[in-house]
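Okay, thanks for coming, everyone. Let me put this one up on the screen and talk you through a pocket and some helix packing.

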Amino acid sequence: MQDYDDEPVQRPRWLGWVIIIGMILVVLGLLNLGARMIIGTSSDQAAAQTVAAVAEHNPALVGGKTLIDGSDCMRCHGVERKFVGPGLVEIAQRYKDRADAQAYLAQKIRQGSVGEWGRTIMPRHPQVTEAQSLEMAQWIMALADQKTP
């Protein structure tokens, strides 16, 4: 009787190459992600320039930006890029001709909305005071002049 435990199992050579190539792709993907996190994308840099321009022209409105950064607004809205909801510049562009735009946006921040931008639901933010929501809306409306659609 022959004992087969002494002989190593022969695996196909291509399997090793598939594993090596897969590991290389994973490493390249992680390096790409890390580089994008460190350097940032061009749209992130453009958004930072937009915010800096508004802060330079309207230093009194920086408090509204601080309130927006401190709340959960940026989870759904980008400055220029759409995530779940529209970008802040797009919101400002849409309502810039409206006479009561700041009060309207302040109300939407506190009470939320449904159906204004498609099927997306904006939740209410009752923890934000009326003064804070008005300050946030003023900051958003200041973004309207920074970029044309």
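So, which element gives the most to the lining of the largest pocket? That's H6, with 4 residues; helices here are DSSP runs of H or I with at least four residues, strands are E runs of at least two, and both are numbered from the N terminus.

Ground rules: this is a predicted model, where local features need pLDDT of at least 70 and side-chain atom pairs count only at 80 or more, while totals for chains, interfaces and linings use all residues. Residues are numbered from 1 along each chain, and side-chain values use heavy atoms, with hydrogens and water left out.

Now H6 itself. Ala101, Tyr104, Leu105, Ala106 and Ile109 are buried there, meaning under 20% relative accessible area with a 1.4 Å probe, protein chains only. Those buried residues pack against H5, E2 and H7, with contact being heavy atoms within 4.5 Å. After H6 comes Gly112, with a positive phi near 80°.

On to H7's other partner. Helix H3, residues 62-70, packs with H7 at an angle of about 105°, axes 8 Å apart; axes are lines fitted to C-alpha atoms over the stretch in contact, and angles run from 0 to 180 degrees between N-to-C directions. H3 and H7 are therefore roughly perpendicular, the label for 65 to 115 degrees. On the H3 side the contact includes Val62, Leu67 and Ile68, and on the H7 side Met136, Trp139 and Ile140 are among the residues involved.

Notes
Buried means under 20% relative accessible area, exposed over 50%, partly exposed in between (1.4 Å probe, protein chains only). Angles under 35 degrees count as roughly parallel, over 145 as roughly antiparallel, 65 to 115 as roughly perpendicular and the rest as oblique.
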